[in-house]
Amino acid sequence: MRLERLNYNKIKIFLTFDDLVERGLTKEDLWKDTFKVHELFRDMIEEASEELGFEINGSVAVEVYSLPAQGMVVIVTSESEMTDEEDEFSDDYIEMQVTLDESDDIFFEFQTFEDVIQLATRLYSLGCHGGSLYSYEGRFYLHFAESVIPTDDFVAILAEYGSPSTLTIYRVEEYGKKLIANEAIAQLYKYFKKITFAHTRRLFF
């Protein structure tokens, strides 16, 4: 589990599916309004309180985004103003409003642009031409709203060149730079194929 403070009253928690298994839960369990699920959210908020100094007074909004490759992204927002009198974490005054959203979007992070190019060559040969490309804090990100090959196979190929992003697409869209809005794989393949072909011609002719 990874914690990140977004602002004074909002944090992000990234949970892998292994994190859920360790807590005796599955992804499907999060769609059930059970004591065990609420206990998980309370434990996460308590850990954030200890590690990040994130104090809760009153109610909180919990937004859970399930992604097929990454795991679960949980956004926790404190909806009431903090007071000096209420500066200790207590289950007694925490009221949670949980919103669940499942997305088929796939969002991967890459350390170098060369990794993205190599991936584009591989995916283009499989008939995948879509995607959007972003850059943020020295890394590159590919976002796919859907895949043209089975999701498990698609994710396995992406994992050979990059890793599932622990950032949300919303954060990268807001603070990063969009390099290619549509058909990123096709554009990368065609552009860099021309460069490679031109370079080969100079070598042999």
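Trainee: Where does T16 sit?

Mentor: T16 is in the loop between β2 (10-15) and α1 (17-22). Helices here are DSSP runs of H or I with at least four residues, strands are runs of E with at least two, and both are numbered from the N terminus. This is a predicted model, where local features need pLDDT of at least 70, side-chain atom pairs count only at pLDDT 80 or more, and totals for chains, interfaces and linings use all residues. Residues are numbered from 1 along each chain as its sequence is written, and side-chain values use heavy atoms, with hydrogens and water left out.

Trainee: Is T16 buried, exposed or partly exposed?

Mentor: T16 has a relative accessible area of 27%, so it is partly exposed. Buried means under 20% relative accessible area, exposed means over 50%, and partly exposed is in between, with a 1.4 Å probe and protein chains only.

Trainee: How far is T16 from L67?

Mentor: Their C-alpha atoms are separated by 9.9 Å, and the two residues are 51 residues apart along the chain.

Trainee: What about I13, which strand is that in?

Mentor: I13 belongs to strand β2. Its relative accessibility is 0%, so I13 counts as buried.

Trainee: Which residues is I13 in contact with?

Mentor: Leaving aside neighbours within four places in sequence, I13 is in contact with M1, R2, L3, M44, M72, V73, V74 and V76. Contact means heavy atoms within 4.5 Å. As for T166, it is 153 residues from I13 along the chain, and their C-alpha atoms are separated by 9.1 Å.

Trainee: M44 is on that list. Which residues of α2 are buried?

Mentor: M44 is one of them; the others are V37, L40, F41, I45, A48 and S49.

Trainee: How many residues does α2 have, and what does it reach from first C-alpha to last?

Mentor: Helix α2 (residues 35-52) has 18 residues and reaches 25 Å, close to the 26 Å expected at 1.5 Å a residue. The expected span is 1.5 Å times one less than the number of residues.

Trainee: What comes just after α2?

Mentor: G53, with a positive phi of about 70°.

Trainee: Which residue has a positive phi although it is not a glycine?

Mentor: E137 is one, with a phi of about 50°. Most residues other than glycine have a negative phi. E137 is in the loop between β7 (132-136) and β8 (139-144), and at 68% relative accessibility it counts as exposed.

Trainee: And what is the phi of E183?

Mentor: E183 also has a positive phi of about 50° without being a glycine. E183 lies in the loop between β10 (177-180) and α6, and its 42% relative accessibility makes E183 partly exposed.

Trainee: New topic. At what angle do α3 and α4 cross?

Mentor: The axes of α3 (residues 113-125) and α4 (residues 151-161) cross at roughly 150° and come within 9 Å. An axis is a line fitted to C-alpha atoms, for helices over the stretch in contact, and angles run from 0 to 180 degrees between N-to-C directions.

Trainee: What does that make the pair, roughly parallel or roughly antiparallel?

Mentor: Roughly antiparallel. Angles under 35 degrees count as roughly parallel, over 145 as roughly antiparallel, 65 to 115 as roughly perpendicular and the rest as oblique.

Trainee: Which residues meet there?

Mentor: D115, Q118, L119, R122 and L123 in α3 meet F154, I157, L158, E160 and Y161 in α4. The residues of this contact divide into 6 nonpolar, 1 polar and 3 charged. Ala, Val, Leu, Ile, Met, Phe, Trp, Tyr, Cys and Pro count as nonpolar, Asp, Glu, Lys and Arg as charged, and the others, Gly among them, as polar.

Trainee: Last one. How many helices and strands does the chain have?

Mentor: The chain has 6 helices and 10 strands. Buried residues make up 40% of its 205 residues. Among contacts between residues at least 6 apart in sequence, 72% join residues at least 24 apart.
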